[in-house]
Amino acid sequence: LKRSAVKPMADLVRRSEGRELKILDVAGGTGDVAFRFVDSADCVERSKSSGVDPIQVTVCDINPEMLRVGQNRALKKYGSALINETQALRFIEGNAQDLVQFDENSFDLYTISFGLRNVTDVDRALREAYRVLKPGGRFMCLEFSHVPDPYFRAIYDYYSFNVIPSIGNIVANDRSSYQYLVESIRKFPKQEELVERLDSAGFQLASYTNLTGGIVAIHEGWKRFE
């Protein structure tokens, strides 16, 4: 599901080939989304020549251990050139609610995948996203959301509250974490409410696209041109 849902983001990066593009992927410690960007932008091919890559992907995560996992995966997958030479990929510890490491107007694209739901202060994180984006920059959030169709929602709710925790208990001996996952999804703002909160943070043309009947949604918005 995550792989297919990230495709619209990766397609955006693919269309940007040939121009400078700076991407901030927040809560992306293990590198899954960043690797899709790197592959879509052909950063590996350009790393065979000298010079700084015009497309740079910064992975930011609050968990240093996750970042270490992501960087080790990147080194194993791509070698060291992307990180040490062309600087197409870098890993930086940081909090989505307070991105003090980054100046305002720094990035063309801000992405967060299955991470906004775990942020304590969603509105503060949205304001920080707006701050670090360049004028005209794009915000994209991929997150579990809410199923609008009542019949599908009934099936989904039964599966979520009865099957998912049981699977967690059997596979990982950890029912509580999977129970938290289900409950956190239900507490997350509905699609229309998150659009309103994007508006309040300053974004223009805020909208969303439901995937898999609303189980997942992509929210997006643009920073105003000054």
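Q: What makes helix α5 count as lying across β2 and β3, and at what angle does α5 run to β3?
A: Contact is the test here, meaning heavy atoms within 4.5 Å. Helix α5 (residues 64-78) lies across β2 and β3, and runs at about 170° to β3. Angles run from 0 to 180 degrees between N-to-C directions, with axes being lines fitted to C-alpha atoms, for helices over the stretch in contact. Bear in mind that this is a predicted model, where local features need pLDDT of at least 70, side-chain atom pairs count only at pLDDT 80 or more, and totals for chains, interfaces and linings use all residues. Residues are numbered from 1 along each chain as its sequence is written, and side-chain values use heavy atoms, with hydrogens and water left out.

Q: How do you know what counts as a helix or a strand?
A: Both are DSSP runs numbered from the N terminus: helices are H or I with at least four residues, strands are E with at least two.

Q: Why is A74 called buried?
A: Buried means under 20% relative accessible area, exposed means over 50%, and partly exposed is in between (1.4 Å probe, protein chains only). A74 has 1% relative accessibility, so A74 counts as buried. This residue lies in helix α5. Leaving out residues up to four places away in sequence, A74 touches F35, G79, I83, L89 and F91. A74 and A34 are 40 residues apart in sequence, and 9.5 Å apart in space, C-alpha to C-alpha.

Q: Why is α3 called roughly parallel to α5?
A: Angles under 35 degrees count as roughly parallel, over 145 as roughly antiparallel, 65 to 115 as roughly perpendicular, and the rest as oblique. α3 and α5 pack at about 30°, their axes 10 Å apart. That makes α3 roughly parallel to α5.

Q: What is the hand of the crossing of α3 and α5, and which residues make the contact?
A: A crossing is left-handed if the near helix is turned anticlockwise from the far one by less than a right angle, and right-handed if clockwise. α3 passes α5 in a right-handed crossing. On the α3 side the contact is made by D32, F35, V38 and D39, and on the α5 side by G70, R73, A74, K77 and Y78. Those residues divide into four nonpolar, one polar and four charged. For the sorting, Ala, Val, Leu, Ile, Met, Phe, Trp, Tyr, Cys and Pro count as nonpolar, Asp, Glu, Lys and Arg as charged, and the others, Gly among them, as polar.

Q: What makes α3 mostly covered?
A: Seven of the nine residues in α3 (residues 32-40) are buried. They are V33, A34, F35, R36, F37, V38 and S40. Just after α3, D42 takes a positive phi of about 60°.

Q: Why is α7 called oblique to α10?
A: Helix α7 (residues 122-132) and helix α10 (residues 191-201) pack at about 50°, with axes 9 Å apart. That makes α7 oblique to α10. Their crossing is right-handed. V122, D123, L126, R127 and Y130 of α7 meet L194, R197, L198 and A201 of α10. By type, this contact has six nonpolar, no polar and three charged residues.

Q: How do you know whether E128 is buried or exposed?
A: E128, placed in helix α7, has 11% relative accessibility, so E128 counts as buried. Not counting residues up to four places away in sequence, E128 touches A96, Q97, D98, L99 and V100.

Q: Why are β3 and β6 said to stand at the edges of the sheet?
A: Two strands pair if DSSP finds at least two bridges between them. Seven strands form an open sheet with mixed pairing, in the order β3-β2-β1-β4-β5-β7-β6. β3 (89-93) and β6 (204-211) each have a single partner strand, so one side of each is left without a neighbour in the sheet. On average, neighbouring strands of this sheet are turned by 15° against each other, direction ignored.

Q: What joins β4 to β5, and why is L142 called buried?
A: Six bridges join strand β4 (residues 107-113) to β5, and the two run parallel. L142 of β5 is the bridge partner of S113. L142 has 0% relative accessibility, so L142 counts as buried. β5 itself is mostly covered, with nine of its 12 residues buried.
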